[in-house]
Amino acid sequence: MEKKYDSLTIFEFQEQFPDNDSCQNYLAEMKWPDGFKCEKCGHNRYCGGKLAHTHQCTKCKYQATPTSGTLFHKVKFPLLKAFYIVFYMGTSKKGIASTELSRKLGLRQKTCWLFQQKVMKAMASSGKYPLIGKVEVDETVVGQQEEGVVGRQNNRKKQVVLAIEKKGKGVGRMYARVINNAGSKQLKPFFRDHISTEATIKTDKWRGYMPLKKQYPNLLQIDSGKKGKNFPDLHRTIMMFKAWLRGIHHSVDNLQAYLDQYCYRFNRSQMKGAIFDNLLARMVEHNPCPYNIICMY
């Protein structure tokens, strides 16, 4: 593998990836770190195929490329520009809108938006690292104000449950998920996937949390307080996400993908340049996601 950077600047990125071939080679070393291994039969010998960067298994004749079987599978524009999208999404302080990517890269806005959805697939939580220690949980609604709608009710707005892990005087990590309603049946899977049963959890007195005390004995319910004063860090985190969504993406469509992106970037805020390699590795490990599937959401 070529040199990795602790703090990858745009100049270092351009030096390391001057063309499509350099991107293909980098993905090949990520995909086959111990040498080629056939995805079909497991054989480790290959010959070159008709197309550049194609590896043809000498046993079963299956042909693979560095991009096949990954989120880069059948990318319709230059791979170098796809790398730029990953770089900008991973390293820009507040993320980047598809309109800005379109301007920078000379691609159609919809093309940039669709590929961004693939990158955000790689940003989704693996569920391997649940929140531990002191955890706070609350729900909120995301979307424009609606007349005659109060509290947890919503029509066009979307409801979200969000949890933070306290770290010192601030917030260490967070997870969030779109839910259909704030009932315990919707909250339970989120707790199961993202919060340790040994965590000390604090929530408000919403009745939807009460049944969860059987699995989470350290769950404490208290009054939220006026304007959420008893949960200042949690409500600040919620407001920061909403401000980011309004400022960068202006939409609640495909909201879970944007939640995944925000949590991924938030939880890795100290990774700096290493976030680019981490994101590339996740895209290589992820199964392909055709655009027609993305457009269904």
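Predicted model: local features only at pLDDT ≥ 70, side-chain atom pairs only at ≥ 80, totals over all residues.
Q: How many disulfides?
A: The count is 0. A disulfide here is a pair of cysteine sulfur atoms within 2.5 Å.

Q: Which cysteine sulfur is nearest to that of C38?
A: That of C60, 3.6 Å away. C38 is in no disulfide.

Q: And for C263?
A: The nearest cysteine sulfur belongs to C289, 19 Å away. C263 is in no disulfide either.

Q: Are C38 and C263 buried or exposed?
A: C38 is buried, at 4% relative accessibility. C263 is buried too, at 7%. Buried means under 20% relative accessible area, exposed over 50%, partly exposed in between (1.4 Å probe, protein chains only).

Q: Switching topic. Where is Y88?
A: In helix α3, residues 79–91. Helices (H or I, at least four residues) and strands (E, at least two) are DSSP runs, numbered from the N terminus. Y88 is buried, with a relative accessible area of 16%.

Q: What does Y88 touch?
A: I10, I96, L101 and K104, leaving out residues up to four places away in sequence. Contact means heavy atoms within 4.5 Å. Y88 and L101 are 13 residues apart in sequence, and their C-alpha atoms are 8.3 Å apart.

Q: How do α5 and α9 cross?
A: At roughly 95 degrees, with axes that come within 8 Å. Helix α5 covers residues 109–123 and α9 covers 274–285. Axes are lines fitted to C-alpha atoms, for helices over the stretch in contact, with angles from 0 to 180 degrees between N-to-C directions. So α5 is roughly perpendicular to α9; that term covers 65 to 115 degrees.

Q: Which residues meet there?
A: F115, V119, A122 and M123 in α5 meet L279, R282 and M283 in α9. The contact has 6 nonpolar residues, no polar and 1 charged.

Q: What about the sheet?
A: It is open, with 3 strands in the order β1-β2-β3 and antiparallel pairing. Two strands pair if DSSP finds at least two bridges between them.

Q: Which strands stand at the edges?
A: β1 (46–48) and β3 (63–64). Each has a single partner strand, so one side of each lacks a neighbour in the sheet.

Q: How many bridges join β2 to β3?
A: 2, with β2 spanning residues 55–57. Q56 stands opposite Q63 in β3.

Definitions and conventions
Residues numbered from 1 in each chain as written. Heavy atoms only, no water. Parallel < 35°, antiparallel > 145°, perpendicular 65-115°, else oblique. Nonpolar A, V, L, I, M, F, W, Y, C, P; charged D, E, K, R; others polar.
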